[in-house]
Amino acid sequence: MKILHTADWHLGHQLHGHERRFEHDAFLDWLADTIKSRQIDALLVAGDLFDTANPPASAWQQLYRFLARLRAEMPRLNMVLIGGNHDSPSKLDAPHELLRAFDLHLVGSISRDGEGRLETERLLVPLQDQDGKIAAWCAAVPFLRSSDLRVEPLEEGQDRLIEGVRQIYAEVLGAGRARCEPGQALIAMGHAYLAAGQLSELSERRVLGGNQHALPADIFAAADYTALGHLHLAQSPATAVHYSGSPLPLSLAEANYNHQVLEVTLEDGKLAGLERLPVPRSVEMIRLPESELDAALKAIEALSLPECPQEAQPFLEVRLLLPKPEARIRERILAAMAGKPVRLARISTRYQGSGQGLADGASRRRLDELSPTEVFRLCYQRQFDGEPQAELVASFEDILAQVKESEA
């Protein structure tokens, strides 16, 4: 049996105000073609289908159009999708019955019966091979929120969140293992942050309260393969436990990640192979080396790019290292870009200040012995190189005078 594991699509995402619909369409078309050409038996999407809990209608259309295409072209394909921390559990669950009629399993949240018992039935999905026989069971557990957890009492030293998650996976995987017959594999799906996982700080939200609640990998010890989402950098924190990573870079810092999907092969109920399939980049990201403004402007003017539609134009990040603030930076950069098929995504600025100005001044005199203008000068030296210009000091003193008048 061949399974394709992907996650963190973030449909509806914008990069510094620029829509990504063109890129997502290109990815979904490539994914559908890949599933068909490689004769995949099951598609697993491990959370964060959307970028926000209230995605635009166009993002829902992308998802439903993709699922409809797969069902029409590959009627026997198993499809299991779970919600992530960016998704709305109720919105994902709303069409559950309709999608299940087409053998599509979209799980936004867990549910409990009237007595508080976990309903494992809707979380366990049989995966059939080309002959229609069950080759594996999938424990499809969506992102777990604090309100989902039931752990009382705790033993000394136990963390409520970690133990609550452990309990849910133990129950679902236990029920899944009980259903497995000889030769059938047990697959765990989840959207979580595991200990030793590497975060992309600019685009990922820490889940379950932060790093102090990173989950131990042994939670998934009962599974033959674990398909995880949440971390955008593809990685494997433990044996047979994998993050597929995001198919698109979701921040400029992720430009050089290996964006991929994972093709998992199971034989006789065991993991037999794992192949990483690179996702083609439909829109490039250009990150200029950190430099002063004049050098950055020359680098922009030297860009030689082929003509293409606006939605396919590369994103540009200009990184500046300046001795002091400069006027009209954005206007000068846009002027250098004029006529070039490239989109400005971000201007990041770092200054060459020593970072010591205020500390050095305060070490000689108490802060209350310094005048407001002296504090302003020392703060300027802490961030920038050299002394502030006389006009800037004069402007500060004008503002200071206005504040004092308003307090009088």
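1. H10 lies in the loop that connects β1 (2-6) with β2 (14-15); strands here are DSSP runs of E with at least two residues, numbered from the N terminus. The phi of H10 is near 55 degrees, a positive value in a residue that is not glycine. H10 counts as buried because its relative accessibility is 1%, where buried means under 20% relative accessible area, exposed over 50% and partly exposed in between (1.4 Å probe, protein chains only).

2. The model is predicted: local features need pLDDT of at least 70, side-chain atom pairs count only at pLDDT 80 or more, and totals for chains, interfaces and linings use all residues. Residues are numbered from 1 along each chain as its sequence is written, and side-chain values use heavy atoms, with hydrogens and water left out.

3. D103 is located in the loop between α4 (96-101) and β6 (104-107); helices are DSSP runs of H or I with at least four residues. D103 also has a positive phi, about 60 degrees, although it is not a glycine. At 38% relative accessibility, D103 counts as partly exposed.

4. There are two cavities of 30 Å³ or more. A cavity is a set of points, on a 1 Å grid over the protein atoms alone, where a 1.4 Å probe fits but cannot get out. The largest cavity has a volume of about 70 Å³, a volume being the space filled by probe spheres set on the points, which are joined across faces, edges and corners.

5. The lining of the largest cavity includes E23, F27, P247 and R281; lining residues have an atom within 4 Å of a point. This lining divides into seven nonpolar, one polar and two charged residues. Ala, Val, Leu, Ile, Met, Phe, Trp, Tyr, Cys and Pro count as nonpolar, Asp, Glu, Lys and Arg as charged, and the others, Gly among them, as polar.

Terms used: On a 1 Å grid over the protein atoms alone, a cavity is a set of points where a 1.4 Å probe fits but cannot get out, and a pocket is an open set with protein on both sides within 12 Å along at least five of seven lines; lining residues have an atom within 4 Å of a point.
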